[in-house]
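Subject: Handing over a structure

Dear colleague,

Below is the structure that I would like to pass on to you. My notes on what was found in it follow directly after.

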Amino acid sequence: MILRFFRRNDGSETIQRLYGAIVAHSRQPVFYTDYAVPDTIEGRFEMILVHAFLLFHRLKSEDEERRGLGQGVFDAFCTDMDANLREMGVGDLTVPKKMKKVAEAFYGRIAAYEPPVEAGDVGALAEAVLRNVHGSRTADAQEARTFAQYMIGAAAALRAVPFARFAAGDFPLAPPAALGSTETDPS
């Protein structure tokens, strides 16, 4: 117990707390009930990618040293995905191939989400969300649009959060509004 006071703080606790917060935000039932995100392994994976994107999008405006926090969270994400693949029974020889696909999916989502979030373009982001999160099911187009609004609003709210909050392991993201609530469409 007393030894913990003499350990060097390498930031791993902060990184684990941030990654844990990403996963916790991703598991909010409203995404699966109101926003029509499939409650499947793929749907949950997409939610983790979205919330990781929101953190990385916020941290990209920081200096290189501070952006290192994002790299640590990305490394925790990769470690978690590797462990989950192994837990699901994926063989040792197949894990690297699957991890390559995970990385490609992550960078593909960044490329798809970054420009419309930067521009506040709900329509373009809704198309990307419909394709990635909803598997291009046109019946979910309204939910994809509302989800895109959530992402743009969350990114804007995170811009106002001081870096110290993230450095303390906090990912202060408001829960998404349930569809049918009294909030209005800002577009």
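To begin with a contact between a charge and a ring, the charged end of arginine 44 sits over the ring of tyrosine 32, at 5.5 Å from its centre, where sitting over a ring requires NZ of Lys or CZ of Arg to be within 6 Å of the ring centre and within 35 degrees of the ring normal.

Please keep in mind that this is a predicted model, in which local features need pLDDT of at least 70 and side-chain atom pairs count only at pLDDT 80 or more, whereas totals for chains, interfaces and linings use all residues. Residues are numbered from 1 along each chain as its sequence is written, and side-chain values use heavy atoms, with hydrogens and water left out.

The chain has a mean pLDDT (the predictor's confidence in each residue, from 0 to 100) of 91, and 91% of its residues reach 70 or more. Over residues 182-187, however, the pLDDT is below 50, and this stretch has 6 contacts in the model beyond near neighbours in sequence, a contact being heavy atoms within 4.5 Å. Where pLDDT is low, the predicted coordinates should not be read in detail.

Turning to the aromatic residues, rings of Phe, Tyr and Trp (its six-membered ring) pair if their centres lie within 6.5 Å, and planes under 30 degrees apart count as stacked, over 60 as edge-to-face and the rest as tilted. By this rule the count comes to 14 aromatic pairs. One of them joins phenylalanine 45 and phenylalanine 77, which are stacked because their ring centres are 6.4 Å apart and their planes stand at 25°. This pair links distant parts of the chain, with phenylalanine 45 in helix H3 (residues 41-59) and phenylalanine 77 in helix H4, 32 residues apart; helices here are DSSP runs (H or I, at least four residues), numbered from the N terminus. Phenylalanine 45 is buried, with a relative accessible area of 15%, and phenylalanine 77 is buried at 2%, where buried means under 20%, exposed over 50% and partly exposed in between (1.4 Å probe, protein chains only).

The rings of phenylalanine 74 and phenylalanine 106 have their centres 5.0 Å apart and their planes at 45°, so this pair is tilted. Both phenylalanine 74 and phenylalanine 106 are buried. One aromatic cluster is formed by Tyr19, Phe45, Phe56, Phe74, Phe77, Phe106 and Tyr107.

Best regards

Technical notes. Helices (H or I, at least four residues) and strands (E, at least two) are DSSP runs, numbered from the N terminus.
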